[in-house]
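Here's a quick walk through one model, written for someone who likes to check backbone angles and packing by eye.

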Amino acid sequence: MTDWDGLPTPRRYWSVLAIWLAITMAVLDASIANVALPAIARDLHAAAAESIWVVNAYQLAIVVALLPLAALGEIVEYRRIFQAGLILFVLASIGCTFAQTLPELTLARAAQGFGAAGIMSVNGALVRFTYPHGQLGRGVGLNALVVSVASVLGPTIASAILAVGHWQWLFAVNVPIGVAAWVLGRVALPQTARQDRRLDWIAVALNVATFGLIIAGVDLFTRGGNLLGLVIALAGIVSGVVLVRRSLSQPKPLAPVDLMRSGMFSLTVATSVASFAAQMLAFVALPFYFQSELHRTQVETGLLITPWPLAVGVSAPLAGRLADRFPAPILSGIGLAGLAAGLGLMAIMPADVSSVGIGWRMALCGLGFGFFQAPNNRTMLSSAPLERTGAAGGMLATARLTGQTIGATLTAILFRMSGHGAVASLAAGAAFAAVASVVSFSRLAGAKRQAQ
C-alpha cells in the first residue's frame, strides 16, 4: 500500500462522481427534513415535539456509527462499507417515502442514518485512494465544496421540492440518485487492502454509549433544563473515558487515540471541531436574525444566505490546489481569520443594513470557511499512515458532526439565556473561529519539527 498513487483517468472521475453523489444525498438529508417537519407532523397526526425525532434519529445514527464503520472499512475494504451504506440508504429512503406513522418514519430515518454513516465514514479514505498524492489537496477541496454547498442549500432544495410536491418526495428523490451512485461505485471505486484483525465489539458498544448518551443528555437538558439530561450526558462521558482507556493499549483501536498522539493530527481535529461549531452557530441563528431583527422575508432570507455557499464554491477548490504546494496551517489559519472577521461583522451590523451590506459579509464568511476546510481536511487525511486512512476519515467526519452538534447546542442555550440570541450566537461563532485560527497557526511549529 505504500506505493499507492491514485486511480488512472477516466476511472478516477467516475469514482469521484460516485463519491459526490452519495455524500450529497447524505448531507442533504441531514437538513431537508427540518423544513418539512410541520407538514410531516400534520399528515401523521403527531405533536410537533415528537416530530423532532425525524431529525434526531438520523443525526444520532450517523454519529454513533461513524467510527465503528470506519474501523470496519479498514478490515473488510472501504468500498464495501460505502456500497453497503448506499444500499441501506436507498432502502431506508423507500421506507421513509411509504411510512404511515411517526414511529415508522422515525425507524426508517434511523436506518437511513446508518446508511449515511456508511457513506461518510469511508468517504475521506476513498478520496485519498482515488487521487494521486500530489493532487490530494485538489480532491479534498472539491469534496469539501460538495459537502459545504449541500449542507447550506439543503433547506432551499427542500423548499423547492415542497413547492411542487408532498414531503414524501424529499426521500423518494434519493432512490434514482442512490442507484446511480451504487452502479458507478461498483465499477470505479478503488480497491484497497484488508487488514487481518477483528472488530472490537466492546469498543463499538462503548462508542455508541459515549456519543448517544452525551447527545441525548445535552439535547434533553437544553430543551427543558432537565437535570436528568446532565446525568445522562455524564454517563456518556464516563463511557468515553472507558473507551479511551481501552484504546490506549491497542495498536489500531476503534477510537483513533494512536493518531491523536500526533500533535499535528490532534490540533487539526481541534481546529475542525471549533470551525464547524462556528459554522453551525451561524447557520442556526441567521434565519432568525434576518427575519426577526432585520425584518427580511423568508424569500429574502434564502437569497441572503446564498453568498456563503457561492463563496465556498470559489475558495474551496482554490485552497485545495494551494494545499498541495503551501503549508496547510497557514492557509487554514488565514481562512479561519476571514470567517471570524465575517461573523464578527455580521454580529455588529446596524438594523438598517442594506442587502448588499449583508451579502458581502456573508461572502467573506464563505470565502474564509472554504479556504480553511480543504487544507485542514487534507492534513487530517495525509498525516495518518496509509493503513489508518479509514480511522482518519472517520475522525474527519466525527469532528465535523461533533462541531456542528456543539454549535447547535450552544445556539439553543444562547437563545434561552439572551433576548438577542441570534447576535450572541454570531459573536460566539466569531470567537470559535478566532480560536480555531490561532490553533491552526500553532501547527506550524509541529510541521517544522516533522520536517527536521
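**The α5/α6 pair**

Bear in mind that this is a predicted model. Start with helix α5, residues 78-97, and helix α6, residues 102-130, whose axes come within 7 Å. How are the two oriented relative to each other? Their axes cross at roughly 155 degrees, and angles over 145 count as roughly antiparallel, so α5 and α6 are roughly antiparallel to each other. As for handedness, α5 passes α6 in a left-handed crossing. Sort the residues of this contact by class and you get 18 nonpolar, seven polar and two charged.

What does the side chain of Thr 97 reach? It gets to the backbone nitrogen of Ala 172, at 3.3 Å. Setting aside neighbours within four places in sequence, Thr 97 is in contact with Gln 168, Phe 171 and Ala 172.

Next up is Gly 185, which sits in helix α9, residues 174-188. With a relative accessible area of 0%, Gly 185 is buried. Once neighbours within four places in sequence are left out, Gly 185 has contacts with Ala 18, Arg 79 and Gln 83. Take the Gln 83 contact: the two residues are 102 apart along the chain, yet the C-alpha atoms of Gly 185 and Gln 83 are separated by 7.1 Å.

For another C-alpha pair, look at Ala 39 and Leu 67. These two are 28 residues apart along the chain, and their C-alpha atoms are separated by 34 Å. Ala 39 is in helix α2, residues 32-43, and counts as buried at 18% relative accessibility.

**Thr 271**

Is Thr 271 buried or exposed? Thr 271 counts as buried, because its relative accessibility is 0%. You'll find Thr 271 in helix α13, residues 263-293. Not counting residues up to four places away in sequence, Thr 271 touches Leu 336, Phe 372, Asn 376, Ala 436, Val 439, Ser 440 and Arg 443.

Most residues other than glycine have a negative phi, and most peptide bonds are trans.

| Site | Backbone feature | Angle |
|---|---|---|
| Thr 9 and Pro 10 | cis peptide bond | omega about 5 degrees |
| Glu 77 | positive phi, not a glycine | phi about 110 degrees |
| His 295 | positive phi, not a glycine | phi about 60 degrees |

Where do they sit? Pro 10 belongs to the segment before α1, which spans 11-28. Glu 77 is in the loop between α4 (53-76) and α5, while His 295 is in the loop between α13 and α14 (298-305).

Glu 77 has a relative accessible area of 7%, which means it is buried. His 295 is exposed, with a relative accessible area of 63%.

How values were computed:
Residues numbered from 1 in each chain as written. Predicted model: local features only at pLDDT ≥ 70, side-chain atom pairs only at ≥ 80, totals over all residues. Heavy atoms only, no water. Axes fitted to C-alpha atoms, helices over the stretch in contact; angles between N-to-C directions. Helix = DSSP H or I, 4+ residues; strand = E, 2+ residues; numbered from the N terminus. Parallel < 35°, antiparallel > 145°, perpendicular 65-115°, else oblique. Left-handed = near helix turned anticlockwise from the far one by under 90°. Nonpolar A, V, L, I, M, F, W, Y, C, P; charged D, E, K, R; others polar. Buried < 20%, exposed > 50% of the residue type's maximum accessible area, 1.4 Å probe, protein only. Contact = heavy atoms within 4.5 Å. Polar contact = N/O pair within 3.5 Å; in protein donor to acceptor, adjacent residues only side chain to side chain.
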